[in-house]
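Colleague: Before I set anything up with this chain, I would like to go through it with you, one question at a time.

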Amino acid sequence: MTDDLIEQAKAILRRNDRGGYTVPTHGLYPFQWNWDSCLSALGFSHFDEERAWTEIDTLFANQWPDGMVPHIVFHEEDDGYFPGPDVWRTGRPVPTSGITQPPVAGFAVRRLVDRARDPELAADRARALLPKIHAWHEWFYRCRDPQGTGLVAIIHPWESGRDNSVDWDDVFERVPTDGVEPFSRRDIQHANPSHRPTQAQYERYIWLVQRFRSLGWDNTKLHDASPFQVVDPGFNAILIRSCSDLADLAERFELGEIAAQARAFAERGVAAMEALWSDAMGQYLCQDRTTGKLIQSPSIAGLLAGFAELPSPRAAAIAKRLTLLGEQVDYLVPSHDPSQPAFDSLRYWRGPVWLIVNYMIADGLTRSGQASVAQRIIADSLRLIEQSGFAEYYDPHTAEPCGGDQFTWTAAIVIELLS
Ligand code: 9WN
């Protein structure tokens, strides 16, 4: 069974391989996505290390001069996705979007180095990538934390990777829709519209893109100019974990300055995360940076926070939350608390389970000594695959597969878990 699943997963990675990068799935997402690629490299690394490194190299070849690594690289023309390069108009040599995504690269590179079967290859490729990844992290703290709080804000829901989370609903009310140019969505031609974000949400996504475009994609201006500034605990935990993994690697490779700076980012971030903790909810919450208030929305972001090395009482509290959630669903981890009125078991990031997030939560909990919940998460993840194949996301009650199928990062995580 295990071998069979691994073979199926490898076939998906090969099928979605476009040479130097993979597409998340055929049809729905025909370009390279940032965090998809870094997590997919983990899958490749078990059977083709060279290919794994290339996935990350290709992404970083499209890093912006200011350090940002864009969330989409439009390597080829394809009108099957909206919004394409003609909407973003970022002026890059290879067209890219103008926003970023959760920075998992530092974590992924460290993992590739740690288990390299070809240590020389790994050392060469990692040494070349380290300064680039560090430049991205510096960009985050410079451009997305201008007040020096230790935590960075996202300025567009797409940056979180959790596009239509309940977390954004209230803040999104502040984003207008006047002046949005007419557009025609392509996602709902590929996937069930009732499993995707709404039209009203898309109008706001595009309003933000147009606003940033009107500012020439100048990252010294975008943070303050955005009516949407949210501090996401999951996103920050990923950044903190990547900074700390990068610090370890930089020490190993004797890159003293990077090591010291990356370590300082991580330590400051861990301390700052306390501001996002909610005793009432028993988990971390997002913060609306415009008002300074915590957003009372118990989503998976506050559990993904455990991916960073947090104080052990916090990790224990997250494990407890997950145990309670596990009594409400058949498959952990729902992307939103099922007892909340806004929970929707089928609609994208408002309830469904995502394997990549499961993987990161389980990894963090295992490191913090919360092994039994981590094992339940992994077991549930594999049951989903056995029952419903390699989907984009799943209903946490019924295991119904949703969104795109033959999904690259889902397959990559299966290889990672079973190898
Ligand atoms: C917008 C590719 C991406 C993922 C995101 C997921 C979805 C895009 C979309 O697909 O977002 O970036 O058009 O829906 O939310 O996490 O990286 O798989």
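**Backbone, fold and ligand shell**

Modeller: Tyr-348 is buried, having 25 other C-beta atoms within 10 Å, where buried stands for 20 or more such atoms, exposed for 12 or fewer and partly exposed for the range in between, with C-beta atoms placed from the backbone. This is a predicted model, in which local features need pLDDT of at least 70 and side-chain atom pairs count only at pLDDT 80 or more, while totals for chains, interfaces and linings use all residues. Residues are numbered from 1 along each chain as its sequence is written.

Colleague: What is the value of phi of Tyr-348?

Modeller: Tyr-348 is placed in the loop between α15 and α16, the helices being DSSP runs of H or I with at least four residues and the strands runs of E with at least two, numbered from the N terminus. Although Tyr-348 is a residue other than glycine, its phi is positive, near 60°.

Colleague: Is Arg-89 buried, exposed or partly exposed?

Modeller: Arg-89 lies in the loop between α4 and α5 (105–114), and it has a positive phi of about 45° although it is not a glycine. Because 14 other C-beta atoms lie within 10 Å, Arg-89 counts as partly exposed.

Colleague: What is the radius of gyration of the chain?

Modeller: The chain has 18 helices and eight strands. For 419 residues the globule rule gives 22 Å, and the chain comes close to this, so it is as compact as a globular protein of that length; the rule is 2.2 Å times the number of residues to the power 0.38, and the radius is taken over C-alpha atoms. The radius of gyration is 20 Å.

Colleague: How many charged residues are in the shell around the ligand?

Modeller: The ligand is surrounded by residues including Trp-33, Asp-36, Asp-163 and Asp-187, a residue being near if its C-beta atom, placed from the backbone, lies within 6 Å of the molecule. With Ala, Val, Leu, Ile, Met, Phe, Trp, Tyr, Cys and Pro counted as nonpolar, Asp, Glu, Lys and Arg as charged, and the others, Gly among them, as polar, the shell has five nonpolar and two polar residues, and the number of charged residues is three.
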